[in-house]
Structure formats: structure tokens, C-alpha cells
Amino acid sequence: MNRTSKLRPGLLEELLPGVHRLVAPNGGPMTGPGTNTYLLGQRRQVVLDPGPAINAHVDAIMQAAGDQLSHILVTHTHVDHSPAAAVLAKLSGARLIGLPPPAAPRQDQSFCPDENPHDGAVLEMDGVQLRAIFTPGHASNHVCFLDDDRRLLFTGDHVMQGSTVVIPSPDGDMAAYIASLQKVEALQVANIAPGHGNIIDDPQRALRRLIRHRLQREARVLARLAKAERATLEELLADVYDDVSKQLHPVAEFSLRAHLIKLVDEGRVAKEGRFWRVTEPDRQG
Ligand SMILES: [Zn+2]
């Protein structure tokens, strides 16, 4: 498997027989090298995460799939993953599969699926078979797709390579995200094909690290609150994310809010006006 690719936009690369990747020209701080669009099947008839509706990208997908495009899968409906779906469906008549967009910011409301898979549904698409694995957390409608034969999991933004997953509340949910990471860990897949970055060939280690990272961050939030009795969001951000570049603090704030909402839901933290405090100091140890 080609793991050392530079992920150049517009370049169609074959990662495995029947698995091609095309990177969208939307690289940036939140998207890394750009969104990965996968074309699956011997005839590249299935597109997974068509990406943004940028003309050059839509043209490149149409060129790669030729007149064979039959199915378009979407892991979730953030604006860097699904807007090309409606455009491609109009051009090709392909069937759209995924969960409809929630009413939240940065959601692609143009995505209107023909088929909403249920959790565990096996999708048969002209010789390409994938299993839908619901993974809410980064987005409430997030779905991963598993190629059972190869033990290859397409993770969209649930797991990325080279950048950190943002949990934008209120649609994003930290407790659900951690549970979905554990759910994917239990699948024991051989490889992960993420929505951003290169193939991950040691997924168990990567997943354990991600889960540990989130739990450690949560422990730091609790420790900081236990020490000072109460703190504002700004104070927590400065202390708990002191290892993260200041430029990324607006992004980190999303995750901090998601941690705090999880802790409030669990009854471990309470909010009073501008301040957050722990409710049961004894439990923090
Ligand atoms: Zn996303």
C-alpha cells in the first residue's frame, strides 16, 4: 500500500487494487492536505466522500469514474466532505448514500440521500461491498464504512492522519466521540483510510493513542478545576491547552467546550455564570 504519498491535489492514486484516492484542492489548517475522495471498485464506480463542490475536483472525479459512477457514499455532511455529492448525482444519476445533515453550522444542507443506511447495514454496490458503522462524535450523523474482506475502514473525520479531529459542539459530542473510537477499536481493522492524510497502517495503536489523548485532556480539565475551585473558559483554555500553539486556541476551544459538556452531563462539573467548577472533588482523586 502506498503510504508515503505527498497527497497532491488532483492526482489520482491507486492505493490497492480497486481503491483509488483523489485529493481535493481544499488544503488548509482544518483540512490538512485536502479532503480525500476515494473511488472504489474495478471500474471506480463508487465514490466515497466526494468533497467540496469545486469545479476542478468534480471534473477530476467524473474523469476518473467515467460514465460508470453508480453510488456516492458520504461519511458526514461537513462542507469539506459532501457538497460535490449533489452536483455529481445530477451529472451521473448516481445513488446517494449517507445520513441527512443535522441543523447545525458548517453542515451541507444540499445533501439529500436516496438511502439512509442503518448501523451495521451491508451495502452492495455493483461488486463493492461495504458495511456502515455509525460513529457519532465529530458530527452526529457520522458513519464509517468497512471493507470486510480487506479489514480496511474508511473513517472520514472520525480518525484523521496528521491532524487533530475537532468536536464542534453542540452537534459534535465528546462522550459519543470517545465511545465511537472504542467501537472502532473493537473492530480490529488492519488499515484505516482517513478523510484527511495518508493510510494508517497501525490502527490499533493510533486508536489507543487517540482515546488516551482525549481522556488525558479531560483529566487535565478536572485537575485544573479542582485546584482553583472554579475557572472561566478562557482560564481553562490557557492552562489546559498550554501545549497547543496559541493560533490553534480557537479550534481547541471547541474541544474544551465539548469536554465540559460531557463532564456536566456526567454530573462531575457544573457551570455558574461565567465559571465552571467540579461538583465532586472526592471523585477526582
Ligand atoms: Zn468533518
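Helices (H or I, at least four residues) and strands (E, at least two) are, in this talk, DSSP runs numbered from the N terminus. By that definition, the protein has seven helices and 14 strands. What I present is a predicted model, in which local features need pLDDT of at least 70, side-chain atom pairs count only at pLDDT 80 or more, and totals for chains, interfaces and linings use all residues. Residues are numbered from 1 along each chain as its sequence is written.

I begin with the overall dimensions. The radius of gyration, taken over C-alpha atoms, is compared with a globule rule of 2.2 Å times the number of residues to the power 0.38. For 285 residues a compact globule would have a value near 19 Å, and the protein, with 20 Å, agrees. Along the principal axes, its C-alpha atoms fill a box of roughly 65 × 35 × 35 Å.

Next, burial and contacts. A residue is called buried if 20 or more other C-beta atoms lie within 10 Å of its own, exposed if 12 or fewer, and partly exposed in between, with C-beta atoms placed from the backbone. On that count, 44% of the 285 residues are buried. Two residues are in contact if their C-beta atoms, placed from the backbone, lie within 7 Å. Among contacts with a separation of 6 or more, 58% come from residues 24 or more positions apart.

I turn to the interior. A nonpolar core is a set of buried Ala, Val, Leu, Ile, Met, Phe, Trp, Tyr and Cys residues joined through C-beta atoms within 7 Å. The largest one has 53 residues, of which Val47, Leu48, Ile72, Leu88, Cys144, Phe145 and Leu153 touch the most other members. Helix 3, residues 174-187, gives the most to this core, with five residues. Apart from it lies another core, of 13 residues, including Val221, Ala231, Leu260 and Trp276.

Beyond its neighbours within four places in sequence, Leu88 is in contact with Val47, Pro50, Val58, Ile61, Leu69, Ile72 and Ala94. Leu88 is one of the buried residues of helix 2 (83-92), together with Pro83, Ala84, Ala85 and Ser92. Against what do these buried residues of helix 2 pack? They pack against strand 4 (46-48), helix 1 (55-65), strand 5 (71-73) and strand 6 (95-97). Glycine 93 follows helix 2 and has a positive phi, near 75°.

Now a helix pair. Axes here are lines fitted to C-alpha atoms, for helices over the stretch in contact, and angles run from 0 to 180 degrees between N-to-C directions. The axes of helix 4 (203-228) and helix 5 (233-240) come within 10 Å and cross at roughly 125°. That makes helix 4 oblique to helix 5, since angles under 35 degrees count as roughly parallel, over 145 as roughly antiparallel, 65 to 115 as roughly perpendicular and the rest as oblique. From helix 4, Arg217, Arg220, Val221 and Arg224 meet Leu236, Asp239 and Val240 of helix 5.

Finally, the backbone. Most residues other than glycine have a negative phi, and most peptide bonds are trans. Serine 169 and proline 170, however, are joined by a cis peptide bond with omega of about 10°. Arginine 44 has a positive phi of about 55°, and so does glutamine 188, at about 55°. Which of the two is buried, and which exposed? Arginine 44 is buried, with 22 other C-beta atoms within 10 Å, whereas glutamine 188 is exposed, with 10.
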